[in-house]
Amino acid sequence: MARCHDLHCSQVRILQYGLMGRLKRILLWVLGVYITIPFLVKLCPSIQAKLVFLNFVRLPYFIDLKRPQDHGLNHTYNFYLQPETGVNIGVWHTVPDQMWKEAQGKDREWYDSTFKSPYPVMLYLHGNAGTRGGDHRVQLYKVLSLLGYHVVTFDYRGWGDSDGSPSESGMTSDALFLYQWMKERVGSKPLNVWGHSLGTGVATNLVRRLCDRGTPPNSLVLESPFTNIREEAKSHPFSMVYRYLPGFEWFFLDTISANDIRFASDENVDHISCPLLILHAEDDSVVPFHLGKKLYNIASQSKSLSGHKLQFIPFPVSLAYKHKFIYRSPELPHILSDFLGTTHPHA
Ligand SMILES: *[C@@H]1O[C@H](CO)[C@@H](O)[C@H](O)[C@H]1NC(C)=O
């Protein structure tokens, strides 16, 4: 430095300070955002509810829910039901694959009448983000339909083309409404419930109510479930950057509770009395495997579940099914028919 010209030196210095200053500003800005977010969330708890439900995320965006045939579902009928005055919710009814030819061009009345056929029935409760037309969901409807199931799926209030805004109680009462609507049509035929991800929380809420009334469903399948929303939020990748911040629970987890969001499957399994099957991939990074395993351990201690079939099926990391791809398992039809006691048409 000593050897350089005065003019040259000052130019280098200006350049250095300019760069350092810019870097400092960026760092301060990042730090500011990092610190502001927890306070924002605490002040506006509805932000946290939006992050739990993610109902505003509509992927794929340009999908027309009125046209299930665009997804290869040529034996599916789209219609709307009203669980409450002013709340219309979008529903799809897929008939068993065996009926696909017969289903061409049929109306709602025909679809309704097919519930009387000897085929079993599944109510599917989807997770957060996206709609009933999400691809991993559609692929599962196809697996179930091929297994000889009617599949009824819908968007909770606040999701997809359904009215209203999301809440745990709204999701649960929509599920209950759909279940009763199906029950009226299927009569004494077995009615099964399937929940995925956040939908497993809705499913245990629903089945707990049904069991409390003395009318349990034929069976309950939980795909990638968690114990309760606090434990799930703690393990979610979104909370990674804040997990070790002092006050994390107060800022983030208490805010979820303040929104009346609990999804307490760990408590619900103590009130459930029907066969229960849990499916979980070991490489699930959205709902970690250990939470599904923990729920299974709690369920295996449950008095109300004792005497009922209880099964836990892990899918090894090598299969890479993660959070959404258990439908890809070639074993799934056999796992389901073994558990549910249905015959696999291609077996
Ligand atoms: C309709 O769907 C069924 C069942 O998924 C499939 O086997 C069939 O090939 C489809 N037919 C047409 C014309 O797309």
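User: How are helices and strands defined here, and what share of residues 120-252 is helix and what share strand?
Analyst: Helices (H or I, at least four residues) and strands (E, at least two) are DSSP runs. The model is a predicted one. The UniProt annotation "domain: AB hydrolase-1", from an unreviewed entry, covers residues 120-252. The end C-alpha atoms of that span lie 42 Å apart, and its content is 44% helix and 16% strand.

User: How far apart do the C-alpha centres of domain 1 and domain 2 lie?
Analyst: The domain assignment gives domain 1 as 2-36 and domain 2 as 49-340. Between their C-alpha centres the distance is 53 Å.

User: Is Val33 buried, partly exposed or exposed?
Analyst: Val33 is found in helix H1, residues 6-43. Buried needs under 20% relative accessible area and exposed needs over 50%. Val33 has 35%, so the class is partly exposed.

User: What accessible area does the nonpolar surface patch with Val33 have together?
Analyst: The patch is formed by Ile26, Trp29, Val30, Val33 and Ile37. Together their accessible area is about 490 Å².

User: What span does helix H6 reach from its first C-alpha to its last?
Analyst: H6 covers residues 198-212, which is 15 residues. At 1.5 Å a residue, 21 Å is expected. The model comes close to that, at 22 Å.

User: How many residues of H6 are buried?
Analyst: H6 is mostly covered. Its buried residues include Leu198, Val202, Leu206 and Cys211.

User: Which residue with a positive phi follows H6?
Analyst: The phi in question is near 80°. The residue that follows H6 with this value is Gly214.

Methods
Residues numbered from 1 in each chain as written. Predicted model: local features only at pLDDT ≥ 70, side-chain atom pairs only at ≥ 80, totals over all residues. Heavy atoms only, no water. Patch = residues over 30% accessible without salt bridge, like charges linked within 9 Å, V, L, I, M, F, W, Y side chains within 5 Å. Areas by Shrake-Rupley, 256 points an atom, 1.4 Å probe, with all protein chains shown as cover. Salt bridge = Lys/Arg side-chain N within 4 Å of Asp/Glu carboxyl O. Buried < 20%, exposed > 50% of the residue type's maximum accessible area, 1.4 Å probe, protein only. Expected span 1.5 Å × (residues − 1). Domains from an automatic or database assignment. UniProt positions renumbered as here; feature names shortened; annotations may be inferred.
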